[in-house]
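Hi,

Here is the structure I promised to pass on. Have a look at it first, and my notes come after.

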Amino acid sequence: MRIVVDLTRCQGYAQCVFLAPQVFELHGEEALLYDPDVPAGQLDRVRQAAAACPVQAILVGEQ
Ligand code: F3S
């Protein structure tokens, strides 16, 4: 599964880092780094992160 974070929307709320720290990493307040190829064991966490992001910046694909 792949994800894309719309970095023009991301405001550094860090819910994603809290919920899926193996996938998302925040440097400073708005520099979000992430692994676009989500490891299988992280799917649930990434879905929770996408749902929790206040600005819906995390787009989850099924491919
Ligand atoms: Fe950004 Fe949303 Fe995460 S605003 S830091 S993608 S919770």
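Below is what turned up around the ligand, the cysteines and one glutamine.

Please keep in mind that this is a predicted model.

Let's start with the ligand. Where does the ligand sit? The ligand is in the largest cavity.

Cys53 belongs to the loop between α2 and β4 (58–60). Ala14 is 39 residues away from Cys53 along the chain, yet their C-alpha atoms are separated by 7.9 Å.

Now the cysteines: buried or exposed? Cys16 has a relative accessibility of 9%, so Cys16 counts as buried. Cys53 comes out at 11%, so Cys53 is buried too. How many disulfides are there? The count is zero, as a disulfide would need a pair of cysteine sulfur atoms within 2.5 Å.

Last, the glutamine. Gln42 is in the loop between β3 (31–34) and α2 (43–52). Gln42 has a relative accessible area of 8%, so Gln42 is buried despite being in a loop. Leaving out residues up to four places away in sequence, Gln42 touches Ala20, Gln22 and Val23.

Cheers

Key: Residues numbered from 1 in each chain as written. Predicted model: local features only at pLDDT ≥ 70, side-chain atom pairs only at ≥ 80, totals over all residues. Heavy atoms only, no water. Buried < 20%, exposed > 50% of the residue type's maximum accessible area, 1.4 Å probe, protein only. Helix = DSSP H or I, 4+ residues; strand = E, 2+ residues; numbered from the N terminus. Contact = heavy atoms within 4.5 Å. 1 Å grid on protein atoms, 1.4 Å probe; cavity = no way out; pocket = protein on both sides within 12 Å on 5 of 7 lines; lining within 4 Å. Sits in = over half its atoms within 2 Å of the grid points.
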